[in-house]
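Please read the following report alongside the sequence and the coordinates. It goes from whole chains to single residues.

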Amino acid sequence: MNTELLGIVATYLLTLVIAIPLGKYLAKVFAGEKVWTDFLKPLESGIFKLSGINPKEEMNWKQHMKALLTINLVWLVYGFFVLIYQDKLPLNPDGNPGMTPDLSFNTIISFVVNCDLQHYSGESGVTYLTQHVVMMFLMFVSCATGIAAAVVFFKAFRDKTSVRLGNFWDFFVKSITRLLLPLSLIIALILAFSGTPTSYEGKDQFISVQGDTVNVSRGPAAGMIAIKHLGTNGGGWFGANSTHPFENPNYLTTVVELIAQVIIPIAMVIAFGFFVRRRKLAWIIFGVMTIGLFLLLIPTVSSELGGNPALAKMGISQTTGAMEGKEVRFGPAISAYWSTVTTIVSTGSVNSMHDSTMPLTGAWQLLGMMINAFYGGCGVGILNYFIYLIIAVFISGLMVGRTPEFLGHKVEAREVKIAALITLLSPFLILAGTAIASYVFTNHGNAAWAVQPQNWLNNPGFHGFSEMLYEITSSNANNGSGFEGLGDNNVMWNTLTGLVLLLGRFLPIIGPVAIAGLLGAKKYIPESAGTLKTDTLTFGLMTFAVILVLNALSYFPALALGPLAEYFTMLK
Amino acid sequence: MKKYILQSIRLTVVLMVLLCGIYPLIVAYAGGFSEGRGGGEKMTRNGKVVGYALLGQSFTKQEYFWGRPSAVGYNAAGSAGSNKGPSNPDYLQQVSDRIDTLLKYNPTIRRADIPADMVTASGSGLDPDISEQGAIIQIKRVAEQRQLNEKVVAELVVKNTKKPLFGLFGPTSVNVLKLNLALDALKKSS
């Protein structure tokens, strides 16, 4: 096997080797069992004491959601103003300006919701201060928010009937102290010693070999890049994200960053199994997700390694595969793997430019984000999957004429209604958003915005449509990657994606937690011959079919207008 | 509700000290022991800094190996890719022009020898590397320009070729800046 493909295999295996034990460990941490990191307890008690929090105070699911929404609101308000006035605050060695209100609105929402859609460029749009107290801070806490929400969901199914689901602050703080902070530190050090800058010096200047004067943006990036991947955030220190040689100096760092972004999503699935004492169920879920990964990955790798057919016609050698927007030190294979991973787990960082990938690759990237539950984002991945699972329980219950049940709790009209609404939300936001954008582009091409609608698109034809579709899909999935050719820093895109981001984040968190809370409070029905078993291969396949059918029905027309149309045109 | 607001604000402040103060300072301190002391590893010629090892720079003179096309002209303060779609006609014209340029300055090579990375823009616009094949097709030109033996230049390319990680994982690459600096050093010593 060639070295590039071998790199993918090794990376994935290494991911599992780390993620599975990590899942076991997380289950113990959140169950309050003894673990080796208990030496951090004094740090946690200190944090709780200073914040006036009693971590033993039990909450029901509504109180959990209130706490979650309150602290997120605090971050939104705080960050909005800091970004607007960043030029007047310290630690701005490059003298970058404050953000416009619409850009700040979009940016702060985007970081609070763990998306990191960046309508600014890291080198010129933010300061060292805001990179720290807004960007990096929110990378930690937005990820911890997702994990804490998932733990509430775990908690609802641990005991037979429970209303009291632990303390939100407890889960939240522990995800930072026991998971995110220590792992980030390790990753940051690996990056720092591979060449990623860590010092607070501002821009540098040198005269190149040929005598050109070159300015170099730098800054303490290593710490942020670590949590950017670990927390499935994806916002880059530099404009070019992880294609930038400072963010991602070599092949080893690419492997490290790739592993970092998948371990928590996988670990959360494993943790679920241990936490609710249903390990087989967790393995089935993991299996379905993994099949999903490979179904998207294999065609992606194959189309990128195949190279651009339009360039092949020019008679040049494409033994190295498609290289537009890619870096030589990574090569197309691991770049293709990255593009799959970053879209299914909602990281949204890139080590190659997605706008320049092959048409079908674009289709797989979009589909990964539309499904958004193959591993999925930190904590929210398993919550998204849970919604599909409830739908599958409901449909299979109807098919075989059994009462739909999940883990000993009857799934009734109210729960199914919530699940159905959440399922409908994504296509609504994605399709309506893209429709609005297309309408404005076509009918109001000369609106006097920072970027005129007629100049939005960097590419003509079907690919241009894909740029808009991708932007909205990425916002809804809280992914944050983009077909970056899109001229998105103007009032319409900033507002539209800002709203999509908010709805696409909080409703899909509240929905599953509400369902879990409602189910958990119901009377426990012991398993009997009449029970529909959810931890079987058959049910796994059923869930997979539900995911496939729902998404195909929702998105096939949009995909056909964008990437698929481009693909077939290129075949000519 | 009011209780949650107060707790949220206090928790935010406390965590900010930990995550935005203590954590990055530890990283910054440790980074001070790395090769470039946390500011990025620099390359020098005759004692003068001429670039960063990790950042590509523009090479257009015939006596140097050329790097990849860059969408931002190797501007290290504004990294970006071209974001051109694979079927964009303007983009395809651009690639075609790049092929012609390469053929013009390296008249002995065939079209089919040109690897895709030499005619496509990188993701960051700062790619420091080219593929092995990308260097090989330039050997003859560089050798002629510098009146060196082709073999000497070819050896230098081999010496500056980075093998896959542990010989097993990932592609091979050639750092253009390092290769060119090695060329310059060669001229002086001979």
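The report covers overall dimensions, the interface, the strands, and then a core, a helix and a loop residue.

This is a predicted model, in which local features need pLDDT of at least 70, side-chain atom pairs count only at pLDDT 80 or more, and totals for chains, interfaces and linings use all residues. Residues are numbered from 1 along each chain as its sequence is written, while chains are lettered from A and ligands numbered from 1 in the order in which they are written.

**Overall dimensions**

Helices (H or I, at least four residues) and strands (E, at least two) are DSSP runs, numbered from the N terminus. On that basis there are 18 helices and 4 strands in chain A, and 6 helices and 5 strands in chain B, where the elements follow the pattern α-β-β-α-β-α-α-α-β-β-α along the sequence. The radius of gyration is taken over C-alpha atoms, and the globule rule is 2.2 Å times the number of residues to the power 0.38. For the 572 residues of chain A, a compact globule would have a radius of gyration near 25 Å, and the value of 23 Å for chain A agrees with this. Along the principal axes, the C-alpha atoms of chain A fill a box of roughly 75 × 60 × 50 Å, and the C-alpha trace of chain B spans about 75 × 45 × 35 Å.

A residue is called buried if 20 or more other C-beta atoms lie within 10 Å of its own, exposed if 12 or fewer, and partly exposed in between, with C-beta atoms placed from the backbone. Buried residues make up 62% of chain A and 46% of chain B. Two residues are in contact if their C-beta atoms, placed from the backbone, lie within 7 Å. Among contacts between residues at least 6 apart in sequence, those that join residues at least 24 apart account for 78% in chain A and for 54% in chain B.

**The interface**

Across the interface, 101 residues of chain A are in contact with 88 residues of chain B. Helix 7 (residues 168-192) of chain A gives the largest share of the chain A side, with 7 residues. By class, that side has 52 nonpolar, 35 polar and 14 charged residues; here Ala, Val, Leu, Ile, Met, Phe, Trp, Tyr, Cys and Pro count as nonpolar, Asp, Glu, Lys and Arg as charged, and the others, Gly among them, as polar.

**Paired strands**

Two strands pair if DSSP finds at least two bridges between them.

| Strands | Bridges |
|---|---|
| Strand 1 (residues 204-207) and strand 2 (residues 213-216) of chain A | 4 bridges |
| Strand 1 (residues 42-45) and strand 2 (residues 48-52) of chain B | 4 bridges |
| Strand 4 and strand 5 (residues 173-175) of chain B | 2 bridges |

In chain A, A:Phe206 stands opposite A:Val214 in strand 2, and the hairpin of strands 1 and 2 has 5 residues between the strands, with A:Gly211 taking a positive phi near 95°. In chain B, the bridge partner of B:Met43 is B:Gly51 in strand 2; the hairpin of strands 1 and 2 of chain B has 2 residues between them, and B:Asn46 in the turn has a positive phi of about 50°. Chain B also holds an open sheet of 3 strands in the order 3-5-4, with antiparallel pairing. Its edge strands, each pairing on one side only, are strand 3 (129-130) and strand 4 (161-162) of chain B.

A nonpolar core is a set of buried Ala, Val, Leu, Ile, Met, Phe, Trp, Tyr and Cys residues joined through C-beta atoms within 7 Å. The largest such core has 231 residues, and A:Phe140 and A:Ile390 are among those with the most contacts inside it. Helix 6 (residues 128-158) of chain A gives the most to this core, with 21 residues.

Helix 14 (residues 380-400) of chain A has 21 residues and reaches 30 Å from its first C-alpha to its last, close to the 30 Å expected at 1.5 Å a residue, where the expected span is 1.5 Å times one less than the number of residues. Of its 21 residues, 15 are buried, and helix 14 is followed by A:Gly401, whose phi is positive, near 70°.

A:Ser352 is found in the loop between helix 12 (331-344) and helix 13 (359-371) of chain A, and is buried, with 31 other C-beta atoms within 10 Å. Beyond its neighbours within four places in sequence, the contacts of A:Ser352 include A:Thr243, A:Trp338 and B:Gly123.
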